[in-house]
Amino acid sequence: MVKARSHLCAKMSSSSTTTAMSTSCRDHEDEIEWEMRPGGMLVQKRNDKDDCVPPLLNVRLRILHGVLRYEISVNSQATFGEVKKVLMGKTGLQIGDQKIIYKEKERLNGEYLDRCGVKNRSKLILMEDPSSIERRYIEMRKNARIQTAYRAISDVSMEVDKLAEQVSAIEKSILNGVKVPEIQITTLIEMLMRQAIKLDNISAEGDVYAQKHLQGKRVQRCVETLDVLKISNPLIKPVVVAAKWETFDPPPTTSRWEFFN
């Protein structure tokens, strides 16, 4: 009787110990401890005592990104943040713009693949953060506006080049004492002012604004030059050129006599 009772107590003690160990393991799995790496990344803390089976050196992962499919090879003990670094080179998405879903749960950058149950040929879903989509759309619209402004300023610049040549020609004529029709100067000023109005209607900032300001200064200098020429042009006195005629002496005449018998 004592022997049987002792066996029963030992069995109960073993069962209690197994249950306690099982409960302790479950509590350990549910609790995630974190540690800071030298680079500043917060990652899941490892406990070497829990690693009963040595992990695979590398695992191949299947990545689903919309209609696109990728396959990458990473270390089985890598973090999801390191997976995002690999995917950044393939997709062009920044790490902060990526969301990785595994087993219907978004994974943090510091979580380890093996700790989350990722195995060879596991499938991960890559999604782009909606806020990054909105930022990219805003950036695309901004770039489109910049390109439009650049083209508009380039068109104005070509027109100003042509008008500046005409201003130089008029200035050269007046400096040489040749009077220019006033309507020609007035028309040229009006054409330059139209280009100034076009520049005012162009929305620009940064480098584009600098180009716009430069062309505006060119138009202003041309108009100022024409204003000065418009004042000095009427003061030019027309040059009277007197024709000098060369005279010739008439040829000598010889008398011809008629003889009669």
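Gln98 stands opposite Glu128 of β7. The structure is a predicted model, in which local features require pLDDT of at least 70 and side-chain atom pairs count only at pLDDT 80 or more, while totals for chains, interfaces and linings use all residues. Residues are numbered from 1 along each chain as its sequence is written, and side-chain values use heavy atoms, without hydrogens and water.

Strand β5 (residues 98–102) and strand β7 (residues 123–128) run antiparallel and are joined by 4 bridges. Strands (E, at least two residues) and helices (H or I, at least four) are DSSP runs numbered from the N terminus; two strands pair if DSSP finds at least two bridges between them. An open sheet of 5 strands has the order β4-β3-β7-β5-β6, with mixed pairing. Its edge strands, β4 (68–75) and β6 (105–106), each pair on one side only. Helix α2 (residues 80–91) packs on the sheet and touches β3 (58–65), β4, β5 and β7, contact being heavy atoms within 4.5 Å. The direction of α2 makes about 135 degrees with that of β4 (axes are lines fitted to C-alpha atoms, for helices over the stretch in contact; angles between N-to-C directions run from 0 to 180 degrees).

Thr79 lies in the loop between β4 and α2. Thr79 is buried, at 0% relative accessible area (buried, under 20%; exposed, over 50%; partly exposed, in between; 1.4 Å probe, protein chains only). The C-alpha atoms of Thr79 and Gly110 are separated by 5.7 Å, although these residues are 31 apart along the chain.

In helix α5 (residues 207–232), the buried residues include Val208, Arg218 and Leu229. Their cover includes α3 (130–175) and α4 (182–200).
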